[in-house]
Amino acid sequence: ITTTASNPYASEARYHDLYPELGTGEISTEPYYSKEYFELEKEYIFKKCWFNAGRIEDIPKAGDYVVKDVPVCDTSIVIVRRKDGGVNAFHNVCSHRGNKMAYEESGNARSFNCRFHGWTYDHDGDLVVVPDEENYFDLDKSCLGLSMVSVDTWEGFIFVNVDPSPKETLDEYMGDLGKGLSGYPFAETSGQVFSFETVVNANWKLVKDAFQEVCHTPFQHNRSLPDAYISEANPHTRFIDMAIVGRHARASLFGNMEHMPSPLAMQAYGYGATIASASMVDGEEVSAALAPPGVNPTGSSDWSFELQVFFPSFFLSVTQGSYFTHQFIPISENQTHWFSTTCFPKSTNAAERFSQEYGRVMFRDIMNEDGRQIEETQSMLKSGAKKSFVLKDEELFIRQALWQGNEMIIENRKEG
């Protein structure tokens, strides 16, 4: 998008002009509280899309497994590391009488044994043991394995799709946005992972929308991030650049390079990356070794980190020395299970570990500020006093995500 030479953040150009199909009018609030609309999202979005279920480091050894309860898909999924290093995923249900197989959130198992009647399955989901087998009628174990769930990995992230016949491979689904991150050192930057999760009393889109724009930063985060992302030239925290990429979206976030941290924060910044310090920019030069084509594509010296929004509800933000993620899994029309990670390289000394702990706590506090606001908003939407939202240009991703959801519902309903 063309900007003025003197101040690129004072441009009168509109990102919306690049996507006229989205319009510029107000958007309805009904999809944020309607139970009927939520049922459509369950059936025609979440039961059709790939969504993130963790990283390969979560299951490093053969037999390691994690269990992911996915209420929006009406299922629980077991993801297990095979002996050959590959990954399998199954619905967490026994073929005998529907009992849940794995109860623990994670572990290591040579096989999966149903606690109800002892039916046993191997890591490929094949049924291998049936106690008192001769008492059944024409039992064929080869037809009674666990029900498979499509699973694949991208850059070390594990994705699953509960559609029995996904229309796209994972690579096809990630598209050009995924390709733009090729070369980022995710494995090296996943040596120390801090995880957060909570249930938010709000619709999943409302939770998601809070992270699809940054214009709330000068107000909601005016204490935790007083000047890290604003400056005299950019008082409204406008993006450096933003774009819709297929059904997904990406944006380059502005960072105030004259930001003056506290003495304690300065110590943390000196030994690692935090949400307010990380940057791939060194003066006017962008680090080529850490800059894949989709990261800071404009080469801005004001760049702080890159935001990627993978439809429907996975966020991935990368910078030098750190990245963080959000995964929003709907529970109901007004509840969301929010999973977050903030990730760093494995620390090599106490100073680096201090920096990471400082970054972890800072990230947690900022997320708490967002969570409170989201629940308050949801509580007022129920009143019906406001029937629509009014969006500015840099809230483009909110409009696009709702539009994309509507399009996917229409398309998948037509296909039956």
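Q: Is histidine 326 buried or exposed?
A: Buried: in this predicted model, histidine 326 has a relative accessible area of 2%. The cut-off for buried is under 20%, so histidine 326 qualifies.

Q: Which strand does histidine 326 lie in?
A: Histidine 326 is part of strand 19, residues 322–332.

Q: What does the side chain of histidine 326 make a polar contact with?
A: The side chain of tryptophan 338, at 3.2 Å.

Q: And what is histidine 326 in contact with, leaving aside neighbours within four places in sequence?
A: Phe211, Ser313, Phe314, Phe315, Trp338, Phe339, Ser340, Phe363 and Met367. Phe363 and Met367 are also among the buried residues of helix 6.

Q: On helix 6, how far apart are the end C-alpha atoms?
A: They are 47 Å apart. Helix 6 has 32 residues, 350–381, which at 1.5 Å a residue should span 46 Å, so the two values agree.

Q: What else is buried in helix 6?
A: Ser355, Gln356, Gly359, Met362 and Ile366 are on the list, as are Asp370, Gly371, Ile374, Gln378 and Leu381.

Q: What happens at the start of helix 6?
A: A side-chain oxygen of asparagine 349 comes to within 3.1 Å of the backbone nitrogen of alanine 351.

Q: Switching to strand 14. How many of its residues are buried?
A: Seven of its seven residues, 248–254, are buried. His248, Arg250, Ser252 and Phe254 point one way, while Ala249, Ala251 and Leu253 point the other way.

Q: Which strands are joined to strand 14?
A: Strand 13, residues 241–245, is joined to strand 14 by five bridges, and strand 17, residues 303–310, by six bridges. Strand 14 runs antiparallel to strand 13 and also antiparallel to strand 17.

Q: Which residues are bridge partners there?
A: Methionine 242 has alanine 251 of strand 14 as its bridge partner. For alanine 249 the partner is valine 309 in strand 17.

Q: What about the hairpin of strand 13 and strand 14?
A: There are two residues between the strands, and glycine 246 takes a positive phi near 65°.

Q: What do the buried residues of helix 2 pack against?
A: Strand 10 (150–154), strand 11 (157–161), strand 13, strand 14 and strand 17. The buried residues of helix 2, which covers 170–179, are Leu170, Tyr173, Met174, Gly175, Leu177 and Gly178.

Q: How many bridges join strand 3 to strand 4?
A: Six, between residues 64–70 and residues 75–81.

Q: Last one: what is the average pLDDT of the chain?
A: It averages 90, and 94% of the residues score at least 70. Over residues 278–284 the pLDDT is below 50, though this stretch has 25 contacts in the model beyond near neighbours in sequence. Where pLDDT is low, the predicted coordinates should not be read in detail.

Note on methods
Residues are numbered from 1 along each chain as its sequence is written. This is a predicted model: local features need pLDDT of at least 70, side-chain atom pairs count only at pLDDT 80 or more; totals for chains, interfaces and linings use all residues. Side-chain values use heavy atoms; hydrogens and water are left out. Two strands pair if DSSP finds at least two bridges between them. Helices (H or I, at least four residues) and strands (E, at least two) are DSSP runs, numbered from the N terminus. The expected span of a helix is 1.5 Å times one less than its number of residues. Buried means under 20% relative accessible area, exposed over 50%, partly exposed in between (1.4 Å probe, protein chains only). A polar contact is a pair of N or O atoms within 3.5 Å; within protein, one must be able to donate a hydrogen and the other to accept it, and residues adjacent in sequence count only if both atoms are side-chain atoms. pLDDT is the predictor's confidence in each residue, from 0 to 100. Contact means heavy atoms within 4.5 Å.
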